[in-house]
Amino acid sequence: MFKWQRIVFVIFFCLLLIILQSRNKELSTPFKGLVGNVLNPLVYFTSNIISFTSSIWDSYVHLIGVQEENEEMKKELDRINLENSLLRERLIVTEHLESFLKFNKVFDFSTVPANVIGIGDGFLKSIIIDRGSIDGVVKNDPVIGFNGLVGKVTDVYLKSSKVELILAASSNVSVINSKTRAFGIVRGDGAGGVWVDFYDRLDNVSIGDNFITSGLGKLFPKGIPIGQVSEIEISNKGLFKKVTIKQFEDFYKLENVFIIKDFKE
Amino acid sequence: MKTFSSLKILKNDYISLVILLSLCYVVSYTTFASISRVNYIMVLYLFYMDKINEDTIVQYSLIFGLFYDFLIDSMIGINILFFVFLSLIKFRFDILISANSILLKIVRALGALFIFNAYNIFAMGLVSNDYILVLVTFIMRDFIIYLIIYYIAELMDVV
């Protein structure tokens with residue numbers, strides 16, 4: 001005879017647990033925190049060992065062509081320095097105009113640098129970073145890379161955090177076309193790309209247009225670059241057109257990110 | 001002597017499963033990120049399928065379900081229920097057809113995979129409006145990979 005009592009008990013217990021969690025979403029946090037605090041240090045140490053090993057490999061094997069590369073880098077640095085000084089001048093002028101027009105300051109926030117210690121691609125679309133609650137990271141903190149928006153913190157552990165990337169199918173980011181100023185919602189397509197949902201079909205969007213965060217959701221600051229339009233799809237029905245974006249950030253090569261703190265909503 | 005007692009602990013099916021799952025988690029986030037493209041929890045479940053009986057169903061469902069809940073950041077309990085029902089369906093199949101031959105075992109594994117993919121398509125469909133993409137992703141990626149892994153494993157058993 002099959003032992004139904006235990007199974008029925010487990011099913012009822014799970015159902016009770018699900019009902020309680022639907023009323024209080026924070027109920028599962030202690031369990032996930034416990035498992036995360038056990039597993040993520042292992043991810044951290046493994047990541048460090050791999051980085052150490054690969055750095056030895058890089059140091060000895062990739063020495064060929066370093067001098068040539070160094071010369072090219074110096075030229076590139078000179079060019080960037082010149083460009084930087086020009087941009088600083090423009091920034092001063094822009095800030096002056098902004099204060100004159102009483103605009104909200106863009107990029108008025110502080111950042112906490114973090115190292116990426118784990119990248120989970122596949123259907124997960126998340127990364128693990130080496131900053132946690134001890135460093136002041138809280139849930140829903142926006143995370144950016146050098147080239148644009150990365151995602152938001154979804155789970156915070158003691159010394160690490162899990163970041164949901166904008167590539168995840170469940171992510172929603174309010175964005176704006178920097179040229180036409182039309183709004184939309186960026187979602188991950190679940191296959192490593194992103195697209196804009198709810199985009200006005202009458203808007204004159206063209207390939208190459210840049211999308212930036214709109215700041216409307218109050219979750220991400222305004223003006224963070226997302227990507228460039230790579231494909232526009234217009235169907236015969238519906239109010240919206242589908243805009244596919246090629247994101248600026250290379251999520252498969254993420255090494256360092258910045259957690260945004262204290263931004264002006 | 002202590003080393004031998006530690007090895008005995010590792011021989012425990014539940015502990016070895018937890019260690020395997022943790023190892024897959026760590027490896028998928030570091031060395032072999034491509035592992036996370038394969039749903040290793042489901043692959044391990046297929047390998048442990050024969051060990052699941054009326055005495056062990058609750059323990060295995062709890063381990064697989066809780067780990068899967070943690071991994072996909074869902075509410076705790078949903079995937080425990082899923083693995084309990086999946087194991088119950090497996091029992092029903094074993095009663096109806098004595099799954100001793102390789103072919104029947106593959107049919108049984110395919111059945112489990114079909115249910116798992118249907119569940120995933122439903123769950124993913126709730127958060128994405130592109131059903132076709134979800135369908136193609138799961139069938140083309142997961143389904144074929146599981147089939148190949150399981151087929152190789154069964155052939156290895158025969159050899």
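This is a predicted model: local features need pLDDT of at least 70, side-chain atom pairs count only at pLDDT 80 or more; totals for chains, interfaces and linings use all residues.
Local features require pLDDT of at least 70 and side-chain atom pairs pLDDT 80 or more, whereas totals for chains, interfaces and linings use all residues. Residues are numbered from 1 along each chain as its sequence is written.

At the interface, 43 residues of chain B are in contact (heavy atoms within 4.5 Å) with 48 residues of chain A. The buried area, that is, the accessible area (1.4 Å probe) lost by the two parts on being put together and summed over both, is about 3800 Å², and carbon and sulfur atoms give 68% of this value. On the side of chain B, Tyr29(B), Phe70(B) and Ile76(B) lose the most area to chain A, together 20% of what that side buries. The count of salt bridges (a side-chain nitrogen of Lys or Arg within 4 Å of a carboxyl oxygen of Asp or Glu) between the two chains is 0.

Within chain A, 6 strands (DSSP runs of E, at least two residues) close into an antiparallel barrel in the order 1-2-5-4-3-12, where pairing requires at least two DSSP bridges. The twist averages 45° from one strand to the next. Strand 3 (residues 142-144) and strand 12 (residues 256-261) of chain A are joined by 2 bridges, and Val143(A) stands opposite Ile259(A) of strand 12.

Helix 2 of chain B (helices being DSSP runs of H or I, at least four residues) lies across strand 1, strand 2 and strand 5 (161-165) of chain A, at about 120° to strand 1 of chain A; angles run from 0 to 180 degrees between N-to-C directions of axes fitted to C-alpha atoms, for helices over the stretch in contact.

Terms used: Chains are lettered from A and ligands numbered from 1 in the order in which they are written. Side-chain values use heavy atoms; hydrogens and water are left out.
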